[in-house]
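Hi everyone, thanks for coming.

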Amino acid sequence: MTNSSSFSVVCYRTARSAMAREHVRMGADNGPERAEFSATVFVVTEIVGRTAAWDALSSTALKLMTWKNLRDLNSKGIAIGSHSSCHKDLLTLSSEEVVAEGGQARVALREKLDIDTKAIAFPWGRSNGAVREILARRG
Ligand SMILES: [Zn+2]
């Protein structure tokens, strides 16, 4: 995990186990007594309300949620995270382009939804130490 004062980059597995610790309450004797699951929707900010063009590579491109859909979900307790600005493979970009992909997405989420997201899901699931460090410090 890489930390800065306000932004952390964690892998999916770490985030999932942290969510499980925070949101699942187990009864002492009877197994799960009550389970509260939280969810995070990761948004590609430049194509909100359009289609997931990358799905067309393997199936039909699905319609993506609008800003209104996202505001409604967020008001009901669903967290919103970044999935970058344009869904580019961050491993193919320069440092400055990685900063732009991460930074522009965070600015859009702040402007459109009034949130300061702490989470990013890497496009295509691809990252490395350099990308995570850049995003934690500057993106
Ligand atoms: Zn994706």
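**Cores and loops**

The largest nonpolar core has 8 residues in all: Leu90, Val98, Ile120, Phe122, Val131, Ile134, Leu135 and Ala136. By nonpolar core I mean a set of buried Ala, Val, Leu, Ile, Met, Phe, Trp, Tyr and Cys residues joined through C-beta atoms within 7 Å. A residue is buried if 20 or more other C-beta atoms lie within 10 Å of its own, exposed if 12 or fewer, and partly exposed in between, with C-beta atoms placed from the backbone. Helix H4, residues 129-138, gives the most to this core, with 4 residues. Helices (H or I, at least four residues) and strands (E, at least two) are DSSP runs, numbered from the N terminus. There is also a second, separate core of 5 residues, including Val43, Leu70, Ala105 and Leu109.

Before we go on, please remember that this is a predicted model: local features need pLDDT of at least 70, side-chain atom pairs count only at pLDDT 80 or more, and totals for chains, interfaces and linings use all residues. Residues are numbered from 1 along each chain as its sequence is written.

Now to the loops. Which residue sits between strand S6 (79-82) and helix H3 (95-113)? Histidine 87 is in that loop, and it has a positive phi of about 65° although it is not a glycine. Histidine 87 counts as partly exposed because 18 other C-beta atoms lie within 10 Å.

Tryptophan 124, in the loop between H3 and H4, also has a positive phi of about 65° without being a glycine. Tryptophan 124 has 14 C-beta neighbours inside 10 Å, so it is partly exposed.
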